[in-house]
Amino acid sequence: MDKFVVEGGARLRGEVRCATAKNAVLPLMAATLLTEEPCRLLDVPRLSDVEMMRRILRVLGVESEFDAEGALCTRLVDDAPREAPWELVRKMRASISVLGPLLGKRRTARVSFPGGCVFGHRPIDLHMKGLRAIGAEVEVRGGFVEATAPSLPGGEVFLGGPFGSSVGATQNVLMAAVLAEGTTVIDGAACEPEVTDLCRFLRAMGAEIGGMGSPRLVVRGVARLSGAEHRPIPDRIEAGTFVAAAVLTDGEVTIRNCRPDHLRAALDKAVEMGGEVRRVGEDAVFVRRQRPLAPADIDTHVYPGFPTDMQAQFMVLQTLAHGVSVTTEKIYPDRFMHISELARLGAHVRKEGPSAIVSGVPKLSGAPVMASDLRASAALVLAGLVAEGTTQVHRVYHIDRGYERIEEKFAALGGRILRAKDDDENAAVEAVAAAQKA
Ligand code: EPZ
């Protein structure tokens, strides 16, 4: 079990390169179930979530290994398995994305019903609605989603839910529809770049998909898909995390391997709060603080709105802004695990239903804090970079799920942060429990 030890006060300066996007890579890996041929995903980051998806694919008959260039190469060794077991699915919700491709290719699937997570209930009703709409029989039995489809005629479905479109449901229905016997129309489809990236990969495999990037996807089913090579898009959430860090620490950072067009809402908010942003070519942005941190309200929305995955990181900016800011979660109303930990560092945040009211304070003071979910943990690292004194962030395995060696990237920018063994007795107890479960 590791922790980060962070000394506040450094102004980040220099260049950092983002990895390819975890939330693009995971569904792309699931999509390799759709073909008997090898696939090659370039520049895949070494993340624990990627390792978990490799374990799930292995159980489902798809072996994968990294080649010398850091590409993940997959090959089918057995197309008989149908079941993604609870032991693996419970550790990573994103494994639900094997449901659609298993149904599309093998016409039957049994995937453990994913549990919730620290920021609340994570339903999959839209996933099931969409798969039923294209002809599958989908039941929930004994904690599993059981889906069968002797035939998949395709169909029309509206996938919008109470919080807008669903990334995962759109991806699952898409990955079943590409091998359907007929045509599928998905209305209310998610437009996140990771959905569009999946469409590009599927089309490279031979799928026929229209409306990419729009809320209306039209998929004409084909008989089979070939293998393909694909470079996943850069990680816009990692990029946004570094944008917040540059403004927060009054630094000057060039963020490379990023798509500024995928970051507009976050860049807009960074400027509103006192940052200066300059585009550097096609795949980089330069960010620095231009004036004192100003308060700003944040409402999370589906793409291209402000991403919920950047909400915690930008709240750290709000805690030090000169005034009051309100953050409202329109995607996950309970995604505020970071509030209590930020309060330990001296932040003044009050939760009011799906909102958090943040009164800026002159400074944060270092303290031991506990990571909880991936993005809240990144926020605690950002807070440690500006808090006076030392901040210890415990249980950084949460961060390692979605950020590749983030402490090295911050250190290369001048941040005073290092990884250390966690002597926290609770962590030790949890490590034993985790080892017993694994
Ligand atoms: C993806 O999760 C991301 N994960 C999440 O990132 C991200 O926060 C989320 O999209 C929203 O952008 C991956 O891509 C692996 P949704 P997903 O289905 O697909 C509700 C991170 O930190 N909903 O778009 O599970 C749901 O409760 C992770 O990297 C239903 O009501 O999200 C939520 O309120 C965290 N019914 C909203 O829709 C459903 O059937 C958006 O969820 C499905 C979802």
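Reply: Below are some notes on the model, then a helix, then the ligand.

Reply: This is a predicted model, where local features need pLDDT of at least 70, side-chain atom pairs count only at pLDDT 80 or more, and totals for chains, interfaces and linings use all residues. Residues are numbered from 1 along each chain as its sequence is written, and side-chain values use heavy atoms, with hydrogens and water left out.

Me: How many residues does H2 have, and how far does it reach?

Reply: Helix H2 (residues 48–59) has twelve residues and spans 17 Å from first C-alpha to last, close to the expected 16 Å. The expected span is 1.5 Å times one less than the number of residues. Helices are DSSP runs (H or I, at least four residues), strands likewise (E, at least two), numbered from the N terminus.

Me: Which residues of H2 are buried?

Reply: Asp49, Val50, Met52, Met53, Arg54, Ile56 and Leu57; buried means under 20% relative accessible area (1.4 Å probe, protein chains only).

Me: And what do they pack against?

Reply: Helices H1 (22–31) and H3 (86–89), plus strands E4 (62–66), E5 (72–76) and E6 (83–84), with contact meaning heavy atoms within 4.5 Å.

Me: Now the ligand. How many residues surround it?

Reply: 22, with Asp125, Leu126, Ser166, Asp309 and Ile331 the closest; a residue counts if one of its heavy atoms lies within 4 Å.

Me: Which element gives the largest share of that shell?

Reply: H5, with three residues.

How values were computed. Buried < 20%, exposed > 50% of the residue type's maximum accessible area, 1.4 Å probe, protein only.
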